[in-house]
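Please look at the sequence and the structure shown below.

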Amino acid sequence: MSDRKPVYKAYHHPAGGWGAAAATARVLMEQSVLTKGSRALLSMNQPGGFKCPSCAFPDADCRKKLEFCENGAKALAHEATKARVTRDFFARHGVTELMERSDYWLEMQGRLTEPMRYDPATDHYVPVGWDDAFALIGRHLRGLDSPHRAEFYTSGRTPNEAAFLYAVFVREFGTNNFPDCSNMCHEPTSRGLQPAIGIGKGTVVMADFEHAEAIFVIGQNTGTNSPRMMTNLVEARKRGVPIVTINPMPERALIRFAEPQDVVQMATFGSTRISSEFVHVKIGGDLAILKGMMKVIFERDAAGEDVIDWPFVNAHTAGLDKVRAEIEALDWAALERHSGIDQAQIRRLAEIYIRSKATMICYGMGVTQHQQGSRLVQQVANLLLLRGNFGKPGAGIAPIRGHSNVQGDRTVGIDEKPSQDYLDRLAAVFGFEPPREHGHHAVESVEAMLRGEARVFIGMGGNFARAMPDTQRTYAAMRKLDLTVGIATKLNRGHLVHGRDALILPVVARSEIIRTARGEQFVTIEDAMANVTASRGVLEPPGPHCLPEVEIVCRMALATLPGSRTPWGEYIHDYSAIRDRIADVYPAIYADFNSRIKAPHGFHLDVPPRRRVWATPNGKANFLPLPGLEVNDPVDDPQMLRLSTIRSHDQFNTTIYSYNDRYRGIHGDRMVLFMNAGDIAARGLADGQAVALETISRDGRPRRVAGLTVVAYPMPSGSVAGYYPELNPLMPLDYHDHITGTPAAKSVPVRIAT
């Protein structure tokens with residue numbers, strides 16, 4: 001329970017603007033890097049510089065003097081901080097004591113500086129040499145009776161070169177156990193879009209924003225999670241493009257935004273209205289809205305109007321009749337009840353969509369993190385297919401991924417369900433037979449730990465234990481392991497929830513220079529729109545004992561695979577050799593990698609739907625049904641509320657920068673429950689009252705979070721929201737997308753507890 005008391009004061013100013021500028025300056029000063037950080041920001045997302053360590057939104061097509069946002073500046077400031085976590089820090093603080101500290105306090109301690117090993121006799125981490133650390137990893141992995149007893153996690157901050165080698169190392173070791181951060185967010189995109197359009201990625205590029213005639217943003221808080229996208233939305237609104245926002249919370253940046261780089265707006269305190277239409281959908285109601293819009297289209301087509309792109313549909317798609325029959329049978333009362341939106345507004349949305357000759361639909365985890373998230377993504381594709389919104393300028397589907405290389409990691413092999421073609425190429429290039437059976441995704445890895453099957457966990461970045469649902473069960477699972485390894489820049493909760501043996505290994509950060517015996521090296525990143533660009537750090541690492549991720553992967557492989565024919569020692573020093581092997585394994589998309597990456601803005605990977613080519617078994621784009629209007633299993637409890645876990649504006653994933661959430665008006669605490677005023681009154685509660693939440697679950701396990709302060713907020717009736725990861729204990733481990741295992745964090749059934 002928090003000992004702080006939140007203060008709520010509605011924020012009425014535009015997002016961005018002077019508030020963002022002040023916050024950027026403040027965080028640079030707080031981390032004592034005002035001069036160094038300011039210089040580094042000039043290199044962020046610029047040709048010859050480094051890629052932002054936070055979101056995956058692409059760089060502008062043309063070079064801008066400044067190409068960073070407030071949240072990118074926060075990520076850099078905390079990465080470049082002068083604060084250090086040294087051996088003296090660990091001598092002063094034992095693990096049991098550190099577990100009592102907040103996530104924010106842990107973050108503020110600074111950068112890790114040397115490898116550390118857990119000493120159970122003292123309950124402290126103590127220094128360990130790199131050779132001894134790798135030897136310990138090798139002994140544990142070689143001592144397993146099956147390679148499938150190890151779990152190899154990957155964070156989206158891992159660059160392509162390290163991720164590719166990690167995939168090679170683990171498969172040469174003998175398993176496909178690759179839980180990764182995509183499993184927790186956009187895996188429904190990766191799996192759901194594949195049967196629909198033949199690729200598990202978005203189909204738009206930055207130039208499409210300039211040609212779009214309508215933009216829909218569904219379940220995505222752009223101003224916090226991908227602020228650089230706001231520039232594109234502002235420019236679209238200035239051209240008169242309608243922007244439709246569908247979300248349970250009226251996020252400030254999607255209402256009104258001031259561009260910090262717009263001199264006129266900053267000088268005049270001006271701003272731009274972003275959403276031409278705000279759709280206050282209740283949690284889980286997006287499916288009913290999408291089907292309602294399609295129902296209008298089918299009605300008008302039946303009346304003889306030219307609203308379906310029949311030449312496109314007939315030439316490029318299959319499966320429309322089944323989807324049409326299911327949607328035409330729906331009645332409007334059910335659509336209104338499930339969406340919380342009246343028929344008139346749904347018809348208005350359909351009219352905006354029909355009038356547009358080129359429509360983009362952007363979406364975030366408000367779409368993917370449901371029990372039917374993968375199939376909900378397919379309904380977004382269905383709507384776009386009806387009007388031929390693929391393969392033409394200004395049109396397409398745009399999953400807005402939240403981590404900087406999560407898409408790239410998947411492209412280069414971080415996949416628990418790899419394709420047979422990839423495995424065949426791997427065998428041909430590296431000369432070993434990789435495992436063919438599917439491995440574990442994130443939830444399955446925790447379940448394997450709980451059963452005692454998994455014995456080793458290696459985390460390439462991230463904060464796995466804190467990010468996962470069902471917090472107490474996840475912690476218990478991690479503590480059953482023989483070895484946990486955290487490869488990271490900063491101390492986090494995951495290093496304190498550890499196995500019998502545990503290592504913390506410090507890495508060189510994205511913004512820092514990588515030097516090897518072959519000279520200075522750079523890495524590559526794939527953004528959310530399939531652009532691959534070079535990233536070259538400009539800052540000095542925090543100390544001589546931090547190693548690049550590539551070297552850590554190679555030295556783990558050398559310690560684990562003594563008979564390997566893979567030239568791990570060469571890859572430590574020459575990253576161009578790694579890119580040559582990536583090109584060998586992926587000749588269709590990465591051919592001539594080292595030459596193409598020299599272009600200032602990199603290159604774009606082939607996305608076949610942009611050419612109206614569909615890499616599906618039938619060679620068509622497929623309309624795929626999702627019968628009914630539920631995206632989550634129904635719950636028979638009149639007191640049920642649907643909880644969506646959310647990020648604050650001062651947060652990146654599990655990294656907490658402060659206790660404030662400026663745009664939502666919250667200051668001083670994160671233990672709040674955003675709630676509809678009518679729902680508060682109906683339950684006999686009061687604004688500002690302390691309450692507890694408990695999960696309505698089928699497994700009988702009690703899950704409860706107390707000490708939440710009720711905040712009356714414009715939420716739809718029946719929908720509530722609270723911060724991640726503090727409310728992760730309420731998410732059952734088995735409450736996830738039925739296809740991918742992605743936690744259904746946007747729709748947890750809860751009730752107010754007494």
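**Strands and helices**

Q: How many bridges join strand S8 to strand S9?
A: Strands are DSSP runs of E with at least two residues, and helices are runs of H or I with at least four, both numbered from the N terminus. Two strands pair if DSSP finds at least two bridges between them. Strand S8 covers residues 214-218 and strand S9 covers residues 243-246; they run parallel, and the number of bridges joining them is four.

This is a predicted model in which local features need pLDDT of at least 70 and side-chain atom pairs count only at pLDDT 80 or more, while totals for chains, interfaces and linings use all residues. Residues are numbered from 1 along each chain as its sequence is written, and side-chain values use heavy atoms, with hydrogens and water left out.

Q: Which residue in S9 is the bridge partner of Ile218?
A: S8, at residues 214-218, runs parallel to S9. Within S9, the bridge partner of Ile218 is Ile246.

Q: Which are the edge strands of the open sheet of five strands?
A: The strand order is S12-S9-S8-S14-S15, with parallel pairing. An edge strand here pairs on one side only, and the two are S12 (277-279) and S15 (396-399).

Q: What angle does the direction of helix H18 make with that of S12?
A: Axes are lines fitted to C-alpha atoms, for helices over the stretch in contact, and angles run from 0 to 180 degrees between N-to-C directions. Contact means heavy atoms within 4.5 Å. H18 (residues 343-355) packs on the sheet, touching S8, S9, S12 and S14 (359-363), and its angle with S12 is about 130°.

Q: Which residue in S18 stands opposite Met116?
A: S5 is joined to S18 (residues 501-506) by two bridges, and the strands run antiparallel. S5 (residues 116-119) also pairs with S6 (residues 124-127) in the antiparallel sense, where Met116 stands opposite Pro127. In S18, the residue opposite Met116 is Ile504.

Q: Why is one side of S21 and of S23 left without a neighbour in the sheet?
A: The open sheet has the order S21-S22-S23, with antiparallel pairing. S21 (523-526) and S23 (603-604) stand at the edges, so the reason is that each has a single partner strand.

Q: How are H1 and H3 turned relative to each other, roughly parallel or roughly antiparallel?
A: H1 (residues 17-30) and H3 (residues 70-79) pack with their axes 9 Å apart, at an angle of about 0°. Angles under 35 degrees count as roughly parallel, over 145 as roughly antiparallel, 65 to 115 as roughly perpendicular and the rest as oblique. Therefore H1 and H3 are roughly parallel.
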